[in-house]
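Thank you all for coming. I would like to walk you through one structure this morning, so please have a look at it while I talk.

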Amino acid sequence: MMGAQFYRSGETISRQFHACLLAILKLHVVLLKKPTPIQVDCDNERWKYFKNCLGALDGTMILVNVPCEDRPKYRTRKGTLAMNVLGVCSPEMEFTYVLLGWEGSAHDGRILRDAISRPNGLKVPKGCYYLCDGGYTNGEGFLAPYRGHLYHLKEWNRGARQPLTAEEYFNLRHAKARNVIERCFGLLKGRWGILRSPSWMDESSASGGGRVRNKRFWTAEEDRVLVSALSELAATPHINSGLKTLVAKYRAISQMLNTSRFVWDDERKMVSVESFVYDEYCKSSKLQNLYGVSFPHFQELHNIYGKDYATGKPAEGYVEAINHLEKVAPSQVTLDSSDDEGAGGSETINSPP
């Protein structure tokens, strides 16, 4: 649309768009506000109950179109293709941190763990915390609601139902304050319509044509073997249980290896590169049981399940995004080509510093 409006080629529009995007990203110190904790004398009805709170965080889904081979990673539990974006905001509805790019199948807890482990990631000062919903773990720096009790505002029937226990009262106050991040996401998507439709489409594969061209029909013998294997699996439930256990171990180890702080030793046992890594990533019983234990089936399971498992490699914070754009963006954009004839002659535009 921009090319047709201003008589410029798609290549020129793309370069100028990236230069503008780079300039905006470099303004993150201005656009992303510095969080300040809630003070004791706060009189805000929503936040006066949460001393030293910095704000709220949550994830939101942004629709995307991706190549066919990547679709299982980006498919959400609702069946849509999206990336999971972590947003953190202040009580004044100002974003303080954003991490985007994680595949839609990734759990919110994994994305938050990645955010706090990045060198330029989310930092929570000692004694402060953020409000988060039940999808996150309640712990130091993050305050989640009581599970098993009413929480979401719509469950209170617009004030008709009153809390009956201390846990319900806490959840009600928590939900009213944490709702600030939901309102931030709503305003953001309402202002920028591009966030409401799939973006970064791969035209060569988004239509699904590649799957049709490469379609292979099964033979009768292959069908027979498949049905026989399914029958055996259904007849022996412990096989299915054992498979789930192996897959769970593979995913936990894969997650540890993706941190770039764990490596395999000669006996295929997990070894931490840095001493603090064990305490940081192995607090759950599942990871404790895997740490230092041989797992020889990792590569075989990776060949089967690895292509469908979210890794977070496309995820970028603002610092990583700036570094990436500076590598691919030209230092100078020269508008002197055949598609610019009659548009005011040649012109040189310097990219932002």
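Predicted model: local features only at pLDDT ≥ 70, side-chain atom pairs only at ≥ 80, totals over all residues.

Residues are numbered from 1 along each chain as its sequence is written, and side-chain values use heavy atoms, with hydrogens and water left out.

Arg173 sits in helix 6, which covers residues 166-191; helices here are DSSP runs of H or I with at least four residues, strands are runs of E with at least two, and both are numbered from the N terminus. Leaving aside residues up to four places away in sequence, Arg173 touches Glu45, Tyr49 and Phe50, a contact being heavy atoms within 4.5 Å.

Turning to the helix itself, helix 6 has 26 residues and reaches 38 Å from its first C-alpha to its last, close to the expected 38 Å, which is 1.5 Å times one less than its number of residues. Helix 6 also has a kink of about 30 degrees centred on Arg178, the bend being the angle between axes fitted to the seven residues ending there and the seven starting there.

What lies over the buried residues of helix 6? The cover includes strand 1 (53-63), strand 2 (82-89), strand 3 (95-103), strand 4 (129-131) and strand 5 (142-143). Among the residues buried in helix 6 are His174, Arg178 and Phe185.

Of these strands, strand 3 is mostly covered, with seven of its nine residues buried. Strand 2 and strand 3 run antiparallel and are joined by six bridges, where pairing requires that DSSP finds at least two bridges between two strands. Leu86 has Leu99 in strand 3 as its bridge partner, and in the hairpin of these two strands, with five residues between them, Met93 takes a positive phi near 65 degrees.

Finally, how many disulfides does the structure hold? There are zero, a disulfide being a pair of cysteine sulfur atoms within 2.5 Å. Cys184, which is buried at 4% relative accessibility, has its closest cysteine sulfur in Cys89, 3.8 Å away and therefore too far for a bond.

Conventions: Buried < 20%, exposed > 50% of the residue type's maximum accessible area, 1.4 Å probe, protein only.
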